[in-house]
Amino acid sequence: MLFPSESALRVDPQAVAGSRDYDIVIVGSGISGAIIAKQAAEAGKRVLVLEAGTGANRSLVGYDDLLTTFYSAAAKDNQSPFPVNANAAMPRSPQLRKLQAGETDSSTYIVQSGPYVSDTTYTRIFGGTTMHWEAKTPRMLRSDFKSRTNYGQGLDWPLSFEEVEEDYRLAEQEIGVSANVEDQSYLGQTFPDGYVFPMRGLPLSYLDQQVNNGIDGTSVDLYGRIYPLKVRPYPQGRNGIPNPAYDGGRGYRPVGAVNTHQVEEGGRCQGNTNCVPLCPVQARYHSGKTLAKAFRMNGKSGQPLVELLPQAVASKVVIDPDSGKVSALEVKVYEDPRSPVYETITVRGKVFVLAAGAIETARLMLSSGLRSTSGLVGRNLMDHAYLLNWALMPQICGTMRGTSSTGGIVDLRDGPFREKQAAFAIDIHNDGWGWATGAPTSDLLELVDDRNLHGRELRQGLIDRVSRQLLLAVMLEVMPVESNRITLDPQFTDALGNMRPILSFTVPEYTMRGAAYARQFSRTVFARLGAQDHTSYDRSDFGYVAYEGQGYAIRGGNHLAGTHIMGTTKTNSVVNKNQRSWDHENLYLVGGGSMPTIGTANVTLTLAAMCFRSGRDILNYLH
Amino acid sequence: MSDRIETFLGLSVELTAFSRFDLLATGLAERYLGTLDKVVGGDTTNTLLAAFAALPPPGDGTRARALRATILGSELLGDVARSLIKLWYSGTWFELPYAWTQRFGAKPADATFVVSPDAYVEGLLWKAIGAHPAGAKAPGYGSWAYPPKIPAFPASDTKADAVSVHLQNVGIMS
């Protein structure tokens, strides 16, 4: 599966503006937009996809340029492969600092209004955040869809797990999930008879196995209930060994690199340990794989059904005052990422889909003056809160090898304790303390500069220090709170004059109670492993949160959700269960922003499943 | 190969405990010598190389002490030698400490930078721990499930047992 060569041609913005035959105009080329574009093209619809980034990474040269940029970056943060583009700016975590009470920091793309400073990121390039995602693809649990009913916390979805299950399978097919049903059948998760994932599960890392050796067969007691511990494999959106039993024995054909032959690249994960920020071989799914299929579909006269206009930043949703429908999008098309020169074009279509991620979609709505009847656009912002715990194992574990994460401790994703405190899932990071401390570079600096090691002692010191690293990244549930939100202010704009998102966030007490327990839980695990706990949280850390006399450095999870929440009426939500706007019948707001809760599942699989649902609804609407 | 690069390689072998063969295999030796010349200047680089050449010969019991006294513990050369170690291990030149700059003068090219994309990929750090640079030199599907192959390195005269003690936990990939 390759991008057709004509898809690399530059689409003329004037031709786009003059076109009157788009059935669907989609903002954003991430996984949400890609799935809807592909579904629409399969039904013979004309689709325009607008992408704020340059689109240069569609070509192999462009993709490899990202890798070279990553290699060349002195600070290898999770956006380091992606060049600065002021016209489509994105948050970059190394730029953050702690806020004083009442302070606002507008020095970064997301204006931090506090009190909590979030280092959450998303990626504004072709492929969206699937260009840098880690690709863990757990499903949400059945109980996650009814957390208000079950635990008195958060909101119930207007959909049950059963209504989403089939779309989960479609999403697993599209992404190409590697997992084994027997590994994922914990906490009451069920799969249809005979179901297998497209590819077999990736093996646990040697580090995972060493951790499991220390905890398997042990348990923890939480509010009088016993939870057994073990390291379980995560389902992964990256290519493994195809399962011949998939699809009733028809098997599964993985999609590798989409701009060179997959015999050479991407057919199977090679263990580059670099899922975040960029898989060098495209073994990890990115939405270009879905768009490659969409770009190949032609209409009756042979013309491609799906067009991509890059360097096109949607800046206003225009509403027809009589019908309440969206009549057009105003789009700023820039000529060069190094220059703020742009022209504004107006794009027309029958249906409009905003698929720009939870923050950018809310930003576009708010900048168009569209708060919705419920007033909830931009509110209920959610993102998983991460609490990092790091230790040195007593034995060499071969850290820094594998995919970014293969296994974790996930048995506390659900239980009656959720009436009181947040559930969590823990992933074991095969790249050691990197996220917490900047390892292994930080270790090298310490050993050379502070411990005065060189030669053999340095080599031995690195083995002792790096190959034994264990990081437990605790991903905590965060419930919707209306005051956690994105707003806009005309005084904060970007290079094109678009208003930038302002983030106001307080980590909910429910989450912090879970974090406090997670810290104790991690200490218990380290004690069972005989591991030296090196965890410390600095008061000056930008994400430092005090809770009940202790302090914790909370990290963002890049799992943004809630800003155009889904519900049952136009007064309690922005979109209905098909992600259609209650107020504007030809407008769909899709992606994590529609999710009423996020449980302890990384959001991509669920939001992908939701887009299959929306795609069907759009086609019904057009017919 | 010039005497100068030979001396540079000899110094680098001593500082990194990687063999001449390993260092040449990175393809970066001349580039790193050139980085020294560019960042701290030819004079300081030559002073460093001369200090190395003046060490007592290998096998002489005083050599290690002399290396600490005249290079790693030298006010001028110590920080430069440490930046050179970090360069070989990571491919990144790390800016010299503020105190060094204050004393010996700011150098225009002295900033933290990755010397080249392949310098990152060839960092010795990854080889030292039996891993691979994140995003390159992938070891293959499923290799992560097995113990690391941490390469042995020459035992020192005085600590000949250190390597075998610490490597006993490390299996060979099956």
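Predicted model: local features only at pLDDT ≥ 70, side-chain atom pairs only at ≥ 80, totals over all residues.
**The interface**

Where the two chains meet, 57 residues of chain A are in contact with 55 residues of chain B. The size of an interface is often given as the accessible area lost when the parts come together. Between chain A and chain B, the buried area is about 4400 Å². Carbon and sulfur atoms give 67% of that area.

Polar links across the interface were counted as well. There are 14 residue pairs in polar contact between chain A and chain B, with both residues of each pair at pLDDT 80 or more. Four helices of chain A, namely H3 (60-72), H7 (206-215), H12 (441-450) and H13 (455-466), each supply at least two residues of the side that touches chain B. The helix that gives the most to this side is H13(A), with 10 residues. Sorted by class, the side of chain A that touches chain B has 24 nonpolar residues, 24 polar residues and nine charged residues.

**Salt bridges**

Over all chains, the structure holds 41 salt bridges. The count between chain A and chain B is one. That bridge pairs B:Lys86 with A:Asp449 through their side chains. Another salt bridge, between A:Glu165 and A:Arg139, lies in chain A. It links distant parts of the chain, as the two residues are 26 residues apart. A:Glu165 sits in helix H5 (residues 161-175) of chain A, while A:Arg139 belongs to the loop between strand E3 (111-115) and helix H4 (147-151) of chain A.

| Residue | Partner | N to O distance |
|---|---|---|
| B:Lys86 | A:Asp449 | 2.8 Å |
| A:Glu165 | A:Arg139 | 3.1 Å |

**Backbone features of chain A**

Two cis peptide bonds can be described here. One joins A:Gly114 and A:Pro115, with omega about 0°. A:Pro115 is part of strand E3 of chain A. Another cis peptide bond joins A:Ala439 and A:Pro440, again with omega about 0°. A:Pro440 is located in the loop between helix H11 (434-437) and H12 of chain A. H12 of chain A is also one of the helices that supply residues to the side touching chain B.

A:Asn380 is not a glycine, yet its phi is positive, at about 60°. This residue is in the loop between helix H10 (358-367) and strand E12 (385-392) of chain A.

**A helix pair in chain B**

In chain B, the axes of helix H3 (residues 29-40) and helix H4 (residues 42-53) come within 6 Å and cross at roughly 125°. H3(B) and H4(B) are therefore oblique to each other. On the H3(B) side, the contact is made by B:Leu33, B:Leu36, B:Asp37 and B:Val40. These meet B:Gly42, B:Thr44, B:Thr45, B:Leu48 and B:Leu49 of H4(B). By class, the contact of the two helices has five nonpolar residues, three polar residues and one charged residue.

B:Pro56 is found in the loop between H4 and helix H5 (63-72) of chain B. Leaving aside residues up to four places away in sequence, B:Pro56 touches B:Thr62, B:Arg63 and B:Ala66. B:Pro56 and B:Leu67 are 11 residues apart in sequence, and their C-alpha atoms are 8.9 Å apart in space.

Conventions
Residues numbered from 1 in each chain as written. Chains lettered and ligands numbered in written order. Heavy atoms only, no water. Contact = heavy atoms within 4.5 Å. Buried area = accessible area lost by both parts, 1.4 Å probe. Salt bridge = Lys/Arg side-chain N within 4 Å of Asp/Glu carboxyl O. Polar contact = N/O pair within 3.5 Å; in protein donor to acceptor, adjacent residues only side chain to side chain. Nonpolar A, V, L, I, M, F, W, Y, C, P; charged D, E, K, R; others polar. Axes fitted to C-alpha atoms, helices over the stretch in contact; angles between N-to-C directions. Parallel < 35°, antiparallel > 145°, perpendicular 65-115°, else oblique.
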